[in-house]
Amino acid sequence: QAIDDDCNQTGQLLAAMLDWPQGTFASRVELEAGAVRVQREVDGGLETLRLRLPAVLTADLRLNEPRYATLPNIMKAKKKPLEVVPAAELGVPAGAPRLKVLQVQEPPARAGGEKVESVESLLGKLRHAGCI
Amino acid sequence: SREAERPRTAMAMAWRAAPRAAARLLLGRRGIASCIDPSTGLTEDQKEFQKVALDFAAKEMAPYMAEWDEKEIFPVETMRKAAQLGFGGIYVKPDVGGSGLSRLDTSIIFEALSTGCTSTTAYMSIHNMCVWMIDTFGNEEQRHRFCPSLCSMEKFASYCLTEPGSGSDAASLLTSAQRKGDTYVLNGSKAFISGGGDTDVYVVMCRTGGPGPKGISCLVLEKGMPGLSFGKKEKKVGWNSQPTRAVIFEDCVVPVGNRLGAEGQGFSIAMQGLNGGRINIASCSLGAAHASVLLAQEHLSVRKQFGEPLANNQYLQFRLAEMATRLLAARLMVRNAARALQEGREDAAVLCSMAKLFATDECFGICNQALQMHGGYGYLKDYAVQQFVRDIRVHQILEGTNEVMRMIVARSLLQG
């Protein structure tokens, strides 16, 4: 889920294009022979999948703690060479972006709620609205 | 009053909570009011150094600061982790394991680390000063023998100048070092030595010549040398995460090859070391004061009396504003002195004295005010503000008392 457009698609698209299994939002990764056990947090608890390798994984912030940068490394960072590779050299077709924005809209405004007097009344309203 | 009723501000919990929670809170509050944001005016690199130091302080120090104080723990493992990041020899040259940074970079780093634990950071600054002395005044053999293991904090250092009979009048020290062949034999004692007894390397000022400053030389001693022993561990009001002991020399034999610089150069080495030491101690005070302002700010927002948050009270608003203003003034003085020292300017020593005087006095006032704003809760050891007050109180005394700082400034004005 990139911080610019929040699409949450790159890992999943890649897996589909490669036809590899995918494990997204990984909060825990354990390698086994020829396979990987991936765990992610879901609303109800934890979900664990076992994927045959090769596989595509995307990481969640719960996966690990980033290391501290050391002072010498911070100073060396400025001097590291920055290699610029044109897209054409990588065999990527140049041209217009392949994503087209069709529409951007606000979520619907919240309608006002209603206070009810009893549990029966609540159940009645929910049934009436087709929620249960 | 019952536990549950105490105002548990998120800020207060940062210094007692689990590391992740502490980090989230301290890091989120870092530049809480842009007027006292400590990253203002810094270069990109300096902001990165500061960020690492603040991260480290929030996650590795703040959650343990109270325990280290209460149980008088010298946090060796935590300091070694800090050394892995380059904090063991910040302004020491890289060829012997140092980070090769400037005095201003150093000030920024100690100020940041101090928000996590002032006492531990102050010890680290003393350690750094010792390594710098060996790096700067030692010959190649000495630099390579001592500095690498000190930069990594595999070994720790202590600085020995003060004696029972000579504090402010440092040049009158009595510890004697008699030349015998290719050794010196030391007799005497040092007082109030930070780290004494637990550390490995001792940078000792002793008398090899006649009276006065010109008779003083600098020797490097190591724990385990015969004739080197330590007094009892002192019980202090603060700085409890570092042991303080007397260091005693009884016919202690030290090879001549352990002398830094020439005979008679010791006092000059000491004074040059103190310039940096004063900036470092002042920087530690800045960190404590900054943390205290954040604590006070949050307490005023949460605590209610007379039906309103304390923050609605104009007297307290004005007090908080004064605290912030003085903090910023102190910070600017310290950074100004650090730049002067880095550039080798003529007025550097006086500026360091002025900065140390101003910052340590003002920051103690700020921390004390912050404690007052907490009311009765400020007096409880459950709340971090009292530890900042206790820990920085001594900064007005050591590295040259604030009275001696005034002597230096007056002399510069009237005689310089």
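Leaving aside its neighbours within four places in sequence, which residues is His395(B) in contact with? In this predicted model, the list comprises Thr118(B), Ala122(B), Trp239(B), Ile281(B), Cys284(B), Ser285(B), Lys356(B), Thr360(B) and Asn402(B). His395(B) itself sits in a loop of chain B, between helix H12 (385-393) and helix H13 (402-414). His395(B) counts as buried because its relative accessibility is 0%, and the cut-off for buried is under 20%. Two polar contacts involve its side chain. One, of 2.9 Å, runs to the side chain of Ser285(B). Another, of 3.2 Å, runs to the side chain of Trp239(B).

Trp239(B) has a backbone feature of its own. Most residues other than glycine have a negative phi. The phi of Trp239(B), however, is positive, near 50°. Trp239(B) lies in the loop that joins strand S6 (228-230) to strand S7 (244-255) of chain B. With a relative accessible area of 4%, Trp239(B) is buried.

Phe192(B) also has a positive phi, of about 60°, although it is not a glycine. Phe192(B) belongs to strand S3 of chain B. Its relative accessibility is 62%, so Phe192(B) counts as exposed. The cut-off for exposed is over 50%.

Chain A has a backbone feature of another kind. Most peptide bonds are trans. The bond from Leu53(A) to Pro54(A) is cis, with omega near 0°. Pro54(A) is placed in the loop between strand S4 (45-52) and strand S5 (56-59) of chain A.

The two chains touch. On the chain A side, 10 residues are in contact with 16 residues of chain B. The size of an interface is often given as the accessible area lost when the parts come together. Here, the area buried between chain A and chain B is about 1200 Å². Carbon and sulfur atoms give 65% of that area. Within chain A, Tyr68(A), Leu71(A) and Ile74(A) lose the most area to chain B. Together they account for 55% of what the chain A side buries.

Charged and polar pairs also span the interface. Two salt bridges are counted between chain A and chain B. One of them joins the side chains of Lys78(A) and Asp45(B), at 3.1 Å from N to O. Three residue pairs are in polar contact between the two chains. The side of chain A that touches chain B has seven nonpolar residues, one polar and two charged.

A search over all chains of the structure finds 32 salt bridges. Among them is the bridge between Glu32(A) and Arg37(A), whose closest N and O atoms are 2.6 Å apart. Glu32(A) is partly exposed, with a relative accessible area of 30%. Arg37(A) counts as partly exposed too, at 33% relative accessibility.

In chain B, Lys190(B) forms a salt bridge with Glu163(B), and the closest N and O atoms are 2.9 Å apart. This pair links distant parts of the chain, 27 residues apart. Lys190(B) is in strand S3 (residues 183-194). Glu163(B) is in the loop between strand S1 (157-160) and strand S2 (176-180). Both residues of the pair are buried.

Another salt bridge in chain B connects the side chains of Arg326(B) and Glu362(B), at 3.3 Å from N to O. These residues are 36 apart and link distant parts of the chain. Arg326(B) is in helix H10 (residues 314-343), and Glu362(B) is in helix H11 (residues 348-373). Arg326(B) is partly exposed, with a relative accessible area of 43%. Glu362(B) is buried, at 17%. Elsewhere in chain B, salt bridges form a network that links Lys93(B), Asp95(B), Asp135(B), Glu140(B) and Arg143(B).

One segment of chain B carries a database annotation. An unreviewed UniProt entry lists residues 159-252 of chain B as "domain: Acyl-CoA oxidase/dehydrogenase middle". The span is 48% strand and 0% helix. Its end C-alpha atoms lie 17 Å apart.

Leu54(B) is placed in helix H3 (residues 44-61) of chain B. Leu54(B) is buried, with a relative accessible area of 12%.

Definitions and conventions
Residues are numbered from 1 along each chain as its sequence is written. Chains are lettered from A and ligands numbered from 1 in the order in which they are written. This is a predicted model: local features need pLDDT of at least 70, side-chain atom pairs count only at pLDDT 80 or more; totals for chains, interfaces and linings use all residues. Side-chain values use heavy atoms; hydrogens and water are left out. UniProt positions are given in the numbering used here, feature names are shortened, and annotations may be inferred rather than shown by experiment. Helices (H or I, at least four residues) and strands (E, at least two) are DSSP runs, numbered from the N terminus. Contact means heavy atoms within 4.5 Å. Buried area is the accessible area (1.4 Å probe) that two parts lose on being put together, summed over both. A salt bridge is a side-chain nitrogen of Lys or Arg within 4 Å of a carboxyl oxygen of Asp or Glu. A polar contact is a pair of N or O atoms within 3.5 Å; within protein, one must be able to donate a hydrogen and the other to accept it, and residues adjacent in sequence count only if both atoms are side-chain atoms. Ala, Val, Leu, Ile, Met, Phe, Trp, Tyr, Cys and Pro count as nonpolar, Asp, Glu, Lys and Arg as charged, and the others, Gly among them, as polar. Buried means under 20% relative accessible area, exposed over 50%, partly exposed in between (1.4 Å probe, protein chains only).
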